[in-house]
Amino acid sequence: MSSSAKKVDAYWMPFTANRDFKKRPRIISGASGHYYTSTDGTRLYDMFSGLWTSGLGHCHPKIVEAVQRQVATLDYCIGFQMSNDKAFELAERVVAMAPAGFSNCFFTNSGSESVDSALKIALAYHRAKGEGHRTRLIGREKGYHGVNFGGMSVGGMLANRKVFGANLIPGVDHMRHTLDLERNAFSRGLPAHGAELANDLERLAALHDGSNIAAVIVEPVVGSAGVIPPPVGYLEKLREICDRHDILLIFDEVITAFGRLGTGTAAERFGVTPDLITMAKGLTNGVIPMGAVLVRDHVYEAFMQGPEHAIELFHGYTYSGHPVAAAAGLATLNVYKEEGTFEQAAALEDTFADILHSFDSHKKVIDVRNFGLMGVIELAPRPGAPGARGLEIHKKCFWEEKVVVRNGMDLLQFSPFLNSTVDEMQQSFEAVRRVIDSVA
Ligand SMILES: Cc1ncc(COP(=O)(O)O)c(C=O)c1O
């Protein structure tokens with residue numbers, strides 16, 4: 001059966017123009033290494049390594065083997081009041097990878113669940129310390145923290161919020177975003193201007209009183225809204241303001257953890273230590289859904305009081321610490337170590353930046369941004385049709401050049417494999433250039 005003859009009606013696809021897609025579906029049925037295979041047998045080079053998930057490439061044999069072995073050994077185990085061996089092992093390993101001071105790891109099944117768990121932990125932490133009045137949560141414009149109610153409320157991407165009710169969860173405020181094309185367009189790496197925007201947190205603390213704020217959540221490098229690296233000094237300033245007011249700082253590292261910035265975490269890369277870190281994606285190389293919230297000692301310790309038979313946190317998921325996901329996580333962390341993946345990623349950064357910034361002078365391009373192995377080419381929108389040019393490029397890349405490029409409206413986003421070769425990077429971007437040249 002050819003892909004176009006397949007029945008595609010029943011699946012309501014996420015974040016997709018369903019009617020447009022179903023006219024000519026793009027359906028993948030296999031993958032190996034850096035390539036997908038579509039249902040008609042075409043091989044396509046993946047320029048987004050899954051959805052920022054699969055830095056090691058697809059179907060890595062060691063992860064596949066670990067999953068196969070685990071599913072035949074222990075397929076599932078209740079995670080409340082008892083749990084499985086792999087979950088404990090993985091928690092130790094994740095904590096060991098984090099910056100000093102992180103003592104504990106709570107497991108979830110996705111980035112969205114990690115974010116909502118982190119927000120709930122922040123609220124419960126203050127209450128455990130006798131400061132139950134600290135209920136306000138602060139996010140940032142252009143933030144993406146997943147799609148559950150907490151993450152959506154602290155998030156700052158208009159389209160993800162506007163049709164779901166005006167108030168979302170109450171008691172949330174936002175700092176301004178840091179994207180500034182006038183001052184920072186075509187910056188290579190961290191932009192020079194904008195650290196002062198962290199003072200928005202100080203203003204919010206002055207407005208609500210810092211003593212009423214529970215936590216602030218930011219992506220250290222914004223991902224989904226289009227790769228916006230923090231201005232030089234911005235994260236440091238945010239940390240200082242949080243310290244001044246005893247506000248918990250949450251780094252949403254669903255994208256940035258596990259080598260995307262050449263280090264285990266963005267916290268390590270920037271030398272700024274938050275109180276909580278949310279993770280997902282690279283934790284299992286995308287093979288099995290899994291997320292985590294890492295907390296610093298003082299956060300965990302605040303909960304460890306009262307009678308020992310009492311549950312300290314009334315929160316958790318049926319699949320928290322799932323043994324098959326945990327086995328995938330352990331195998332993934334082993335491969336990162338054995339293959340020196342984070343170092344490989346770090347060594348590719350300059351080449352990636354060179355290739356990306358070779359688009360700076362293209363007449364359809366209004367900005368190019370990069371940090372680590374995260375990059376974006378922002379195209380000028382067609383007058384009256386924002387997003388149309390980006391979607392056309394995505395489709396042409398797929399059909400004509402056999403490369404998978406993610407577009408968010410008119411932003412072409414790139415998340416190369418952490419173990420890419422320079423050759424494949426160069427060739428795939430030449431394909432993208434041909435397509436950008438060819439569209440109106
Ligand atoms: C920073 C960030 N937080 C949260 C999420 C949500 O993760 P998930 O789609 O696994 O729920 C994402 C997803 O891309 C993300 O980039």
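Two residues are in contact if their C-beta atoms, placed from the backbone, lie within 7 Å. The model is predicted: local features need pLDDT of at least 70, side-chain atom pairs count only at pLDDT 80 or more, and totals for chains, interfaces and linings use all residues. Residue numbers start from 1 along each chain as its sequence is written.

**Exercise 1.** Determine how many residues of domain 1 are in contact with domain 2, and which element gives the largest share of that side.

*Solution.* Begin with the bounds, which come from an automatic or database domain assignment: domain 1 covers 3-56 + 340-438 and domain 2 covers 65-338. Next, count the contacts: 30 residues of domain 1 meet 29 residues of domain 2. Then assign them to elements, where helices (H or I, at least four residues) and strands (E, at least two) are DSSP runs numbered from the N terminus. On the side of domain 1 that touches domain 2, α14 provides the largest share, 7 residues.

**Exercise 2.** Describe how helix α3 and helix α13 are oriented where their axes cross.

*Solution.* The axes of α3 (residues 61-71) and α13 (residues 323-338) come within 8 Å and cross at roughly 150°. Now classify the angle: under 35 degrees counts as roughly parallel, over 145 as roughly antiparallel, 65 to 115 as roughly perpendicular and the rest as oblique. The helices α3 and α13 are therefore roughly antiparallel to each other. Finally, name the residues: the contact includes Ala-66 and Val-67 of α3 and Ala-327 and Ala-328 of α13.

Note on methods. Axes fitted to C-alpha atoms, helices over the stretch in contact; angles between N-to-C directions.
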